Amino acid sequence: SVNSGFLNGLPTDEAKETMIQWLEAQQCGRRQINYKLRDWLFSRQRFWGEPFPILWKDGQHQAVPEAELPVLPPSLKDYKPTADGEPPLARATDWLKHEQGGKRETNTMPQWAGSCWYYLRYIDASNTNHFCDPEAESYWMGTRAEGATPGVDLYVGGTEHAVLHLLYARFWHKVLHDLGLTSCSEPFYKLVNQGLILGEDGQKMSKSRGNVVNPDDIVSAYGADAFRLYEMFMGPLEMSKPWNTKGVEGVYRFLGRVWRLIVDEESEVAMEQESSMDGSRAEASLSLLKLHRSISGTAEPSAEQLKVLHQCIKKVTEDLEAMRFNTAISAMMVFVNEATNWEVRPLSCLRSFLVLLQPFAPHLAEELHGPCHPSAAATPRARFPHHARCRPSCYPAARRERFFPRGSRKRRDSVRQLR
């Protein structure tokens with residue numbers, strides 16, 4: 001500070017604190033913290049949005065009666081503004097006239113009015129009396145059970161949401177909490193910002209730059225599983241990563257190896273011939289698929305095979321929890337490379353692997369689930385496998401892991417014996 005009397009020579013922060021103390025001592029003011037929200041233009045001249053619950057009468061505005069909430073938009077065939085520039089809602093002449101003699105507001109909210117608290121409405125979406133039942137809110141928002149995490153467990157969104165959506169969702173939640181309508185003071189317990197997918201030139205995708213990748217083209221060329229898998233395999237979730245179509249080809253080849261690991265080649269040829277002769281039987285021809293001749297439903301896995309499987313289970317399980325999808329996919333690639341060289345491929349190992357694969361490539365895992373479980377339910381109902389907590393050489397322990405559920409008395413006894 002300069003030219004400021006007793007503040008001369010003080011750093012800015014220290015000068016501020018000294019000035020506040022002086023003003024309070026002189027009884028010229030008092031310490032106070034002011035909060036400022038970013039200006040928010042909360043009005044749109046379009047049809048798509050929540051109508052304002054406002055009436056205009058004699059040049060004054062007033063809220064509609066609470067019994068009439070929520071105000072729903074009218075049915076319109078023409079969503080364009082009127083010839084004189086009025087919003088589309090002005091076309092609904094009957095809807096505009098209120099029975100109390102006022103005229104409804106024709107502007108709409110920018111849909112943020114719903115997105116700021118949608119997570120609370122999801123908890124009890126069918127409730128017509130309250131926005132959310134207190135019992136349901138306390139259960140799902142984690143304040144009823146001891147030790148539960150308060151708020152939404154995990155929020156995944158882009159950094160562009162941090163300034164607007166997250167800021168105002170928290171603001172709305174604080175207001176609801178002060179009104180006694182929510183049991184927790186914070187809306188989100190954990191936040192993860194995923195990185196952007198950049199163009200192949202390393203810049204943000206933009207039509208003006210001509211570097212936009214159309215997802216429909218990728219799905220048509222390589223399938224939805226390959227597209228989905230590559231996005232998770234590109235790198236850590238939080239980092240921005242440049243797109244590389246050749247990388248999709250590599251993931252596509254990996255899925256091909258998974259297919260050949262399980263499906264018999266001759267039965268695949270028969271299926272393709274059947275579907276090519278009659279396109280309407282393409283789905284029915286999947287029943288022609290048979291397991292690879294090296295797969296055995298009766299063979300017990302060797303110690304080395306169980307070691308490879310349980311290493312994969314452990315890695316994928318831990319990485320899923322930590323949202324390290326790229327390294328989880330790497331672990332499954334290692335398993336496929338190892339399993340391809342097995343002279344005898346135990347069916348039990350491959351079944352467990354398909355359950356691991358299902359969250360990443362659900363379509364392929366579902367198709368391969370059929371030949372591996374001719375009379376079983378769909379893959380999503382299968383129990384997620386657990387890795388054996390024992391030395392790789394302890395083959396009997398891995399068997400106990402499969403036959404004794406986690407937490408059961410028999411399983412605890414078997415693990416205790418191994419120790």
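1. Phe 47 counts as buried because its relative accessibility is 8%, where buried means under 20% relative accessible area, exposed over 50%, and partly exposed in between, with a 1.4 Å probe and protein chains only. Trp 48, by contrast, is exposed at a relative accessible area of 51%. The ring centres of Phe 47 and Trp 48 lie 5.0 Å apart with the planes at 80°, so this pair is edge-to-face; rings of Phe, Tyr and Trp (its six-membered ring) pair if their centres lie within 6.5 Å, and planes under 30 degrees apart count as stacked, over 60 as edge-to-face and the rest as tilted.

2. A word on the basis of these values: the model is predicted, local features need pLDDT of at least 70, side-chain atom pairs count only at pLDDT 80 or more, and totals for chains, interfaces and linings use all residues. Residues are numbered from 1 along each chain as its sequence is written, and side-chain values use heavy atoms, with hydrogens and water left out.

3. For the overall picture, the protein holds 16 helices and nine strands, taken as DSSP runs numbered from the N terminus (helices H or I, at least four residues; strands E, at least two). Of its 419 residues, 36% are buried. Among contacts (heavy atoms within 4.5 Å) between residues at least 6 apart in sequence, 59% join residues at least 24 apart.

4. Which residues have the most contacts inside the largest nonpolar core? They are Met 332, Phe 335, Leu 357 and Phe 360, in a core of 53 residues, a nonpolar core being a set of buried Ala, Val, Leu, Ile, Met, Phe, Trp, Tyr and Cys residues joined through side-chain atoms within 4.5 Å. Helix 12 gives the largest share of this core, nine residues. Leaving aside residues up to four places away in sequence, Met 332 touches Phe 254, Cys 312, Val 316, Phe 353, Leu 356, Leu 357 and Phe 360. Apart from this core lies another, of 13 residues, among them Tyr 119, Phe 131, Ala 136 and Tyr 155.

5. Returning to the rings, the structure holds 17 aromatic pairs. Phe 335 is buried at a relative accessible area of 1%, and Trp 342 is likewise buried, at 12%; their ring centres are 5.8 Å apart and their planes at 90°, so the pair is edge-to-face. Elsewhere, ring pairs link Tyr 118, Tyr 119, Tyr 122, Tyr 155 and Phe 188 into a cluster.

6. Helix 9 has 18 residues and spans 27 Å from its first C-alpha to its last, close to the expected 26 Å, which is 1.5 Å times one less than the number of residues. Its buried residues include Val 248, Val 251, Phe 254, Leu 255 and Trp 259. At the start of helix 9, a side-chain oxygen of Asn 244 comes to within 3.1 Å of the backbone nitrogen of Lys 246.

7. Strand 1 (residues 54–57) pairs with strand 2 (residues 60–63) in the antiparallel sense over four bridges, pairing requiring that DSSP find at least two bridges between two strands. Ile 54 has Ala 63 of strand 2 as its bridge partner. The hairpin formed by strand 1 and strand 2 has two residues between the strands, and there Asp 58 takes a positive phi near 55°. Strand 1 also pairs in the antiparallel sense with strand 3 (residues 103–104), over two bridges, and in strand 3 the bridge partner of Leu 55 is Arg 104.

Key:
Polar contact = N/O pair within 3.5 Å; in protein donor to acceptor, adjacent residues only side chain to side chain.
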